[in-house]
Amino acid sequence: MVGEVRRGEDGAEAAELRRELGDALREAHRLFDGPPGEGSAEALVPVINRLGRLQTRLAEHEDFAVVFVELGLLLGAYCLRKGDHTSSDAGSWERTEALRRLRWADRQGPSAHPLVVQARMMLLFLLTPWALPLADGSTTVLRDALLTPGQGDGLLTESLRRDLREAQQVVDRIAAAPTDPEFRQRTANVQHVIERMLAPGMVSQRTTADPAAPATDPAVPATEAAATALTGQNGDGPDDPEEALLDAVRGLVALAGARSTARFTRVLVWLGAELDSRTGGSSAAELQLDPQAAALLRRAGAGGAAGAGGVRRAAGLVLRALHALPPDAPERSRIARLHACLLVHLDILEPGSADFGTVQRPAPDPADDDGDRLADWPLGLALEPGLDAYLNGSLWDFARQIGVYERRHAARIDRLLAYRTGDTGYLEDAATLLTEAIDASPPDSWWVMALRADLADLQEQAASHGGSFHDADSSLATLRELGARLRHDGSLPPDAPFSVELLLSTAGLERRHARRTGDHAALPPLIEELRARHTALPAGSRWRGGIARLLHQLEHLGADGQQATRPGAAGPVDVAAEQAELRRTVDQVLRELKEPPRYHQQEYDRRVTLGLRLLLAVTRGLHHPPLLDAAITQLSRARTLLAEGRGEHRRVDVLTKLAEAHLLRAGRRGPHAAADGRAFLEITREALDELAADVLLQTGADHGLSAALNGDVLAERLAWAALLLRRPADAVADLERGRGLVHQAAVASRGIPELLDAAGHPGPARRWRAQVRADPVRPETGAAPVRPAGGSPIPSALRRDALAVLGVRARPGQRRGARRLAGTADVAALTEGLAASGADALVYLLPGVPVPGVPVPGGSFPGHALILRPGTDPAMLPLPELIRPGGTPLEAYFEAAARRSRRSPIRASTRRGRPPTTCTGRPCCASCATGPGRR
């Protein structure tokens, strides 16, 4: 392949060309001396250009092939130094050209030639650039992930798999070349690493100890295949499968009283594997479980063929045993977990057939606090000396990390139970398991990346269930941190499911955060990243539609947090298109309502979806009375489900929309107008009640105040309704309810423990006081979340437990109690306070709202002042110029009030048509400067 420049008739020209070629090649080799990927990419540009010119001049010479390949080597080195981690079918011109030249050398050149071996090595590096060490000696996220047994499913894209297979063939050709023993050993190691990356589960196709070992059955789950390889056993032969299963379950019920929760939970993890009918019983029972548990699991494996009917009867047996236990039996929580585990497996075998309404999650056994969870549930197996020589890398890693796999699997079961039952306590259980696994894993490992992503999803799920801003902020902070690490690393393919799902989760939380707080600082870079990802994804990618929808929502998010109207979106509604879309939604939801429920809140979610869509059609201009009636029917059913504990998401929004629907129907003066007016008041007050619970759920006065501001709008609506009914006393009471939410947000942290003590729950009261004293610093959104020592990974967990025992925010199956946590004064108490203080009056300002097209003076409902004096009923005073937004008198009043608060208290009067003022600046009248109009 390598020759000399052919001598022509012009010897001087040939000699000069030969000298220049030699200089260029020596310079190229000098630049290759360092490890691949090191040095500056720009340093290669001059010699690349030089060889490019020489290649043109050598087009008719036999050394053209040398320059062609050398130029491919240089272009490959340039790409590595630039950090180009794209797949072989994408990327820059330099990468494409380097691959073309190096592939030619790989397929056409002699195997033993050093330049061909060098070309193959560079081709290997370009196909798997993420497998090379980084400049600081660390490894990439993708390399760590693909070498973690069983973790490649969310990362091994088709393009990545294709590149790895080509790399495997290239390495095989390198291994066929005659090289020294050290080089052959390094090549064999590379072959084994690529095999591990391409292996479908835990075990690669060949092991170092036995190259002839049979391939793993791809139908066997990865963890079970690994367990079989570790022990070499497959369980006992079954007799009658159902009797074997029932016998094993009876034994497990008895075992629950003699094992800690950690040990028993590990047994349940492997029970699921044993029941998998595809394996006919695995060797999981031998994975250093105690002999009694191992025997029971082997027996359960023999009963795996009993099918859904056998599992259903086994679950019934466990449920009867659970009901027979006294309420304070320490094993109740473990037997309840066994029952839930069997129902999960039944749901897998026969979807929709399990009744998760029978699942119980009692309080854990207090004795578990005294045990050593890591001793009861080890993080790895203690292998016998010398056994490691017979295990390949995947099995060795699996054995050392088996406790991490088990905890992640158990956490997924708990998360599924939270989804099926609606009990967020299972999310807390799952978060505890994930935190144990995170704490036990190396900080920079793939495990920590994957487990923290799981934990962020749990926190987001907890936030969506109850509206805790702290849960949502903690989840967003974690996702931002993980996203920053992936961007810095740059090794994951743009269409890797893990990477795309992380980006979509982050974007969804960022959107909700921006809508809640009005802080849009994170949106511009996020939008750019979404655009770049959308462009980089293959044309047929299933992710493109979701990214496009998120992009549209983020790009049209107004500064006030609401969706801005698209240019040209205003105008007449296309009635035919609106009706067609509405019909599709109605048909789909009605079909889903007829299906067996798959999760706890399924009916609630479907009713809400249908009711809100019908109401949207009405507000868009479909003036068909049955549509509004249907919307009220669906949302009323959702309200009933909320009261029964069978719904939780968007409580306040759903009730507010239902109240608005009743108000719309009342405005049509139909036969139900009076009833609709009463329903509006009742349901709006109920929404204010739910909002009070949301405020109590928040951690910190800032989050509590953020939630309480929504109560401002609801209180104002109620006050306006009372004014229209000429009932000023009710208007004062409703405004006080809104003010009470703000007060509640500020003092709840110190008032709840007393309520818990009075209700006979000293334990939660003690933990609440400890949390308030510790006052863990809540990070700014985007900063790494801080978990206080001994605290739950779900920030709102303690508050959820406390509100549940107080009946404020009940667990599934509980009825909520009376919500009297925010004390508010009635009119009598307020007038008494005024008389005792010597104040003249307490004035509430209720600014008017512009209503275009309504024939009222000034085009708006006029503002009002509600005046409360000692010894008299509240009075209403119209203030036509008190208009929001942009009302000059209102702004002037706020400025005057601010100036007055900085001076000594003074007496003042209120006159018609002028900004009202208050009697004094004494503390008892401080609320007169606040109210719905002031935010």
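Strands S1 (residues 842–846) and S4 (residues 863–868) pair in the antiparallel sense over 5 bridges. Two strands pair if DSSP finds at least two bridges between them. Helices (H or I, at least four residues) and strands (E, at least two) are DSSP runs, numbered from the N terminus. This is a predicted model, where local features need pLDDT of at least 70 and side-chain atom pairs count only at pLDDT 80 or more, while totals for chains, interfaces and linings use all residues. Residues are numbered from 1 along each chain as its sequence is written, and side-chain values use heavy atoms, with hydrogens and water left out.

**Strand S1**
- S1 is mostly covered, with 5 of its 5 residues buried. Buried means under 20% relative accessible area, exposed over 50%, and partly exposed in between (1.4 Å probe, protein chains only).
- Leu-842, Tyr-844 and Leu-846 point one way from S1. Val-843 and Leu-845 point the other way.
- In a regular strand the side chains alternate between the two faces of the sheet.
- Tyr-844 has Leu-866 of S4 as its bridge partner.

**Ser-159**
- Ser-159 sits in helix H7 (residues 158–176).
- Ser-159 has a relative accessible area of 13%, so it is buried.
- The side chains of Ser-159 and Thr-157 are joined by a polar contact of 3.3 Å. Such a contact is a pair of N or O atoms within 3.5 Å; within protein, one must be able to donate a hydrogen and the other to accept it, and residues adjacent in sequence count only if both atoms are side-chain atoms.

**Cysteines**
- The structure holds 0 disulfides (pairs of cysteine sulfur atoms within 2.5 Å).
- Cys-79 is buried, at 2% relative accessible area.
- Cys-341 also counts as buried, at 14% relative accessibility.
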